[in-house]
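Hi,

Here is the structure I promised to pass on. Have a look at it first, and then read my notes below.

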Amino acid sequence: MDLLSNLALGFSVALTPTTFMLAIAGCILGTIIGALPGLGPSNGVAILIPLSFSFNLDATQALVLMTAVYYGAMYGGRISSILLNIPGDEPAMMTTLDGYPLAKKGRAGDALVLSGVASFVGALLATVGLMLLGPLLARVAFFFGPAEYFALYLLAFCMLGGLGSRNQAKAAVAVCLGLGIAMVGVDSSTGLPRYTGGSLHLYDGIDFLVAIVGLFAVAEVFVFMETHGRDSAIGVTLKKVTIPVRDIFYTRWTMLRGTGIGFIAGLLPGAGASLGSFLAYSLEKSTAKDKTTFGQGDVRGIAAPEAGNNAAAGGALVPMLTLGVPGSGTTAVLLALLMTLNITPGPLLFSERPEVVWGLIASLLIANVVLLILNVPLVRVFSRILQVPPSILLPGVMMVSFVGIYSLSGSHFDLLLMIGFGILGYVLRKLGIPAVPVILGILLGGHMEVSLRRAMVLSDGDWTYLFSTPIAVGLWIAAIIGFIAPFFLRAYLTLPKPPKD
Amino acid sequence: MSDRIAGTALVGLALAFFIGAGQLDVPFFPDPLGSKAFPRLIAVVGGLAGLAMILRPDGEPSWPRLADVGRLAALAGTLVFYVYALGWLGFVAATALASGAMSYQIKPDIKKAALIGIGLSVGLFVVFKYLLGLGLSALPRW
């Protein structure tokens with residue numbers, strides 16, 4: 001059995017003391033980051049990436065650490081959703097709908113334990129899914145040439161713009177902003193500079209980590225600074241924590257349904273965890289016999305989105321690892337990590353660097369068990385983190401972001417650029433223009449152009465080459481449907497607004 | 001209205017980007033597509049999306065009040081100051097000043113802000129320098 005020998009290889013990597021410790025450290029750090037209101041997986045991982053380089057970790061270890069942080073933040077995100085009614089990140093938003101009302105009824109402990117178990121089910125099954133589906137998809141990806149890759153990138157952007165957003169025009173604007181930024185710097189095909197304005201600082205292009213930390217972390221601090229009054233949000237206090245066995249048993253099918261739909265949402269390039277938790281919640285609500293209790297602390301309304309978003313988080317790793325196309329904001333950040341570590345995700349990753357992939361998968365299996373322990377029996381400890389006052393937290397987050405970027409490049413120009421991206425991110429957020437497509441555009445812009453140009457070189461400038469294989473045509477059709485379908489589905493599929501207190 | 005203004009700005013940006021593509025240097029042996037086509041494609045799509053924002057704007061976002069704008073500008077100023085102060089004052093003093101100032105902006109309590117600033121800067125310095133081994137200089141390099 002291929003799978004068993006691969007898993008054995010994976011566990012031999014994952015159980016080396018350093019890797020094991022890193023997985024646990026990542027889980028703890030991730031849960032803390034997720035629990036902090038306003039910090040979620042994408043900005044948490046973004047802040048930590050520059051620092052992870054200073055450890056001199058090898059590729060597997062860095063990836064294990066960051067993915068553990070990612071999973072941990074997905075688990076931890078529910079803590080502030082349930083106790084404060086403030087989601088740490090968009091995927092955790094659906095959990096506030098029923099989590100906070102249940103907590104207000106005095107069952108905060110039950111809500112936390114139930115959502116922890118749902119997270120575990122979702123994340124564990126999704127990791128198993130990754131294990132089974134990853135190698136298969138990697139085999140298909142061998143047939144991908146430049147034309148298919150171009151169509152695939154297009155599909156990711158269309159999905160993100162169509163299904164994953166509230167307004168297609170704004171998502172398209174965001175994608176184009178990102179792609180435009182990716183054009184800055186020396187053109188890799190000709191060696192000539194583009195859009196640098198003669199500034200030597202820009203010859204290398206704009207470092208995507210600078211953009212990511214700016215758009216996610218710095219912008220978050222700006223948004224917080226404006227709303228300001230949040231530090232008085234005490235929310236619900238957590239009393240005793242018991243295990244609501246009956247509720248867990250009652251929601252077992254809910255969790256599995258949420259996991260299934262979340263995993264599929266995660267697989268779609270560009271759709272991601274927010275869509276996963278949203279679809280899981282909507283499906284549960286629309287198939288339930290009595291809908292009246294939803295929104296008032298229904299346990300199914302907690303189990304479904306939590307299983308959904310954690311499963312989507314695992315599912316999103318599949319296209320990221322096999323095709324190099326991230327499915328969500330955080331996997332985009334992880335892709336940035338891989339690219340900086342000089343690892344090219346894609347089919348070759350599975351055949352040539354099996355220790356990276358399977359080490360990661362094995363570590364994730366271990367991480368899930370660790371996270372279950374951290375998030376069920378130890379949830380009280382982490383709920384204390386909510387009491388850190390913003391007057392310490394925000395300067396701390398900001399300084400860590402600065403030191404991270406500074407340690408990476410040592411360039412004052414990059415720091416100023418990061419502040420610029422922070423302000424840009426704030427304005428975009430105000431206008432309702434999503435930041436994730438910008439990041440994805442910056443990350444994938446270079447690759448997208450290169451595959452288009454290669455396709456044109458191969459075909460000597462014949463445009464029909466882009467549609468010459470069934471896979472490419474299929475991807476184009478999926479891309480167009482993904483972008484257009486929401487126009488017709490708008491009536492059924494409107495993403496909910498962030499909660500107001 | 002905000003969407004219309006932003007859309008107009010974006011259309012302008014796309015136009016500039018498109019025209020800028022025409023002025024790019026071209027190598028002696030270009031590939032069939034060349035280095036101008038993709039940026040132009042981005043500019044066209046971006047421009048159309050900007051146009052769509054002008055034609056079908058969303059509702060007005062809640063812009064900050066003037067006082068809040070002042071606070072945001074102060075934050076941006078603090079950050080830019082921090083970047084330069086890193087060179088002038090070294091990590092410890094610059095971080096203490098900047099994080100103290102940020103803390104004060106969130107909660108105007110000068111004593112606490114000073115304590116938080118000093119605590120954060122020393123704490124982060126120890127963690128980064130000795131635990132993580134980053135090459136930070138505590139004092140300014142002359």
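How many residues does the contact take from chain A and from chain B? It takes 47 residues from chain A and 51 residues from chain B, where two residues are in contact if their C-beta atoms, placed from the backbone, lie within 7 Å.

Before going on, some ground rules. This is a predicted model, so local features need pLDDT of at least 70 and side-chain atom pairs count only at pLDDT 80 or more, while totals for chains, interfaces and linings use all residues. Residues are numbered from 1 along each chain as its sequence is written, and chains are lettered from A and ligands numbered from 1 in the order in which they are written.

Back to the contact. On the side of chain A that touches chain B, the elements giving two or more residues are H3, H7 (168–183), H8, H18 (390–409), H19 (412–431) and H20 of chain A. Helices (H or I, at least four residues) and strands (E, at least two) are DSSP runs, numbered from the N terminus. H18(A) gives the largest share of that side, 11 residues. By type, the side of chain A that touches chain B has 28 nonpolar, 11 polar and eight charged residues; Ala, Val, Leu, Ile, Met, Phe, Trp, Tyr, Cys and Pro count as nonpolar, Asp, Glu, Lys and Arg as charged, and the others, Gly among them, as polar.

Now the chains themselves. Chain A has 21 helices and two strands, and 63% of its 501 residues are buried (20 or more other C-beta atoms within 10 Å of the residue's own; exposed is 12 or fewer, partly exposed in between; C-beta atoms are placed from the backbone).

Chain B has five helices and zero strands. Its radius of gyration is 24 Å, well over the 14 Å from the globule rule for 142 residues, so chain B is more spread out than a compact globule. Of those 142 residues, 30% count as buried.

One helix to look up is H14(A): 10 of its 12 residues are buried, including A:Gly329 and A:Leu338. Those buried residues pack against H3 (41–54), H4 (59–84), H8 (208–227), H11 (272–287), H13 (317–323) and H20 (436–459) of chain A. Just after H14(A), A:Asn342 takes a positive phi of about 70 degrees.

Cheers

Note on methods
The radius of gyration is taken over C-alpha atoms; the globule rule is 2.2 Å times the number of residues to the power 0.38.
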